[in-house]
Amino acid sequence: MDPGFGVTSLVTAPWHNWVLTPRGVPVLTRGVPTAVPMGCLCQPDHRICPRPPLLHVPQADRAGVGGQEQILADIGVPRLCWATHPTPRVPQGKVPASSILASAPSDRNLDAWRESGCRTTHCNLEVLQESTLVFLATKPHVLPGVLQEIRPAVGPHHIVVSLAAGVTLQTLQRLLPAGTKILRLMPNLPCVVQAGAMVFARGSGAGDGESALLKNLLSSCGLCEEVPESYINIHTGLSGSGVAYVYLFAEALAEGAVKMGMPSGLASRIAAQTLLGAAKVMLETGEHPAKLRGDVCTPGGTTIHALHQLEKGALRATVMNAVEAATNRACDMAKD
Ligand SMILES: NC(=O)C1=CN([C@@H]2O[C@H](COP(=O)(O)OP(=O)(O)OC[C@H]3O[C@@H](n4cnc5c(N)ncnc54)[C@H](OP(=O)(O)O)[C@@H]3O)[C@@H](O)[C@H]2O)C=CC1
Ligand SMILES: O=C(O)[C@@H]1CCC=N1
């Protein structure tokens, strides 16, 4: 398992130093370093700050574009955040690791961030102090307390991106200062290999610039689309959680082969390649999956016999129920 997963999420920690030009083009800034105040808002010493940590990516690169300059940073340290990180393992990252500041209460996940060159802290407020673009990647039930903690440090220059499942823009806007530029993002695990599927929605304080910035920043991690907020929970059921359904299917495929006598390692590799190839054909041809499925079926052949078994097991209805259950759970989490 990628050690990065234990630490943060792609979006959170993976964020890098990005600068968005007035035209919405993200620029990796390596120019004039920003003077970053190093003092911690948690007095007297953030290193012993008892407050719970946030996951954030501090950043301090500055880019001057058209007379403007912006500083982008991330906050939050969820497992997914790795996807957006510019680590040696993820060379496509648009932000240098040194521009990322990640915050968490313990070193459990932070160690991996440090090993990849990111800066870390146990003080959430330090992230706000040093960063403009902040990713919130704690578990959903932890987020309200974190928002309460950072609220005094959030200003009009910050762009706050939440990855928390089920936490609505309305809640985020209620718990942060009025007018704060807020975006709600739902990534998925494959962001860590730049094959993610992400959607986001903007809050009332965010504009086209913030939307373009996020989309451009995350585009290196996979598909990233702005959608109405009502689609976020559906995407969670389809893709954020959906990755786990696919792993379950991959496991079942491989175990079927093991049952028939194939070694486990080989079976797992072939199962993964089968999923990868099937997905690639679907994306590259644009064909409906039902059509492609039919293409594989030779009349009276092996595939139709296997599909008959899957239909007896109500695979399609079961998967549809799974998407519905996860979507409904995301909706319910907003009320928890
Ligand atoms: N996992 C996934 O595939 C997806 C997850 N998400 C969302 O991402 C978020 C994180 O999920 P996941 O990556 O699984 O969780 P993890 O447990 O891996 O990461 C959560 C991190 O939050 C840190 N944390 C806990 N309390 C605080 C605090 N008070 N201040 C700052 N940081 C804190 C934890 O620190 P410590 O290490 O010290 O415990 C931990 O590093 C969730 O909101 C989830 O809904 C969204 C889409 C997909
Ligand atoms: O299981 C969860 O709640 C999170 C959100 C999507 C994937 N993992």
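Which helix holds Asn124? Asn124 is found in helix α2, made of residues 124-130. The model described here is predicted.

## Asn124 and its contacts

Asn124 has a relative accessibility of 0% and therefore counts as buried, the cut-off being under 20%. Another links the side chains of Asn124 and Glu149, with a distance of 2.9 Å.

## Thr121 in strand β8

Thr121 belongs to strand β8, which covers residues 119-121. With a relative accessibility of 3%, Thr121 counts as buried. The side chain of Thr121 reaches a backbone atom, the nitrogen of Cys123, at 2.9 Å.

## A nonpolar patch on the surface

Five residues, Phe249, Leu253, Leu310, Leu315 and Val319, form a nonpolar patch on the surface. Together these residues have about 350 Å² of accessible area. Two helices, α7 (242-259) and α11 (315-333), each supply at least two residues of the patch.

Leu253, one of the patch residues, is found in helix α7. Leu253 counts as partly exposed because its relative accessibility is 36%, which lies between the limits of 20% and 50%. Leu310, also in the patch, is placed in helix α10, residues 302-312. The relative accessible area of Leu310 is 35%, so Leu310 is partly exposed as well. Leu310 and Val243 are 67 residues apart along the chain, and their C-alpha atoms are separated by 20 Å.

## Salt bridges

How many salt bridges does a search of the whole structure find? The search finds ten. One of the pairs is Arg202 with Glu226, whose closest N and O atoms are 2.6 Å apart. Arg202 lies in strand β12 (residues 196-202) and Glu226 lies in strand β13 (residues 222-226), so this pair ties together parts that are 24 residues apart in sequence. Arg202 is partly exposed, with a relative accessible area of 30%. Glu226 also counts as partly exposed, at 31% relative accessibility.

A salt bridge is also formed by Glu311 and Arg316, with 2.7 Å between the closest N and O atoms. Glu311 has a relative accessibility of 40% and counts as partly exposed. In the salt bridge between Lys335 and Asp332, the closest N and O atoms are 3.5 Å apart. Lys335 counts as exposed because its relative accessibility is 67%, and the cut-off for this class is over 50%. Asp332, at 34% relative accessibility, counts as partly exposed. Elsewhere, Asp107, Asp111 and Arg114 are joined into one network by salt bridges that share partners.

How values were computed: Residues are numbered from 1 along each chain as its sequence is written. Chains are lettered from A and ligands numbered from 1 in the order in which they are written. This is a predicted model: local features need pLDDT of at least 70, side-chain atom pairs count only at pLDDT 80 or more; totals for chains, interfaces and linings use all residues. Side-chain values use heavy atoms; hydrogens and water are left out. Helices (H or I, at least four residues) and strands (E, at least two) are DSSP runs, numbered from the N terminus. Buried means under 20% relative accessible area, exposed over 50%, partly exposed in between (1.4 Å probe, protein chains only). A polar contact is a pair of N or O atoms within 3.5 Å; within protein, one must be able to donate a hydrogen and the other to accept it, and residues adjacent in sequence count only if both atoms are side-chain atoms. Patches are made of residues with over 30% relative accessible area and no salt bridge: like charges are joined within 9 Å, nonpolar side chains (Val, Leu, Ile, Met, Phe, Trp, Tyr) within 5 Å. Accessible areas come from the Shrake-Rupley method with a 1.4 Å probe; for residues, only the protein chains shown count as cover. A salt bridge is a side-chain nitrogen of Lys or Arg within 4 Å of a carboxyl oxygen of Asp or Glu.
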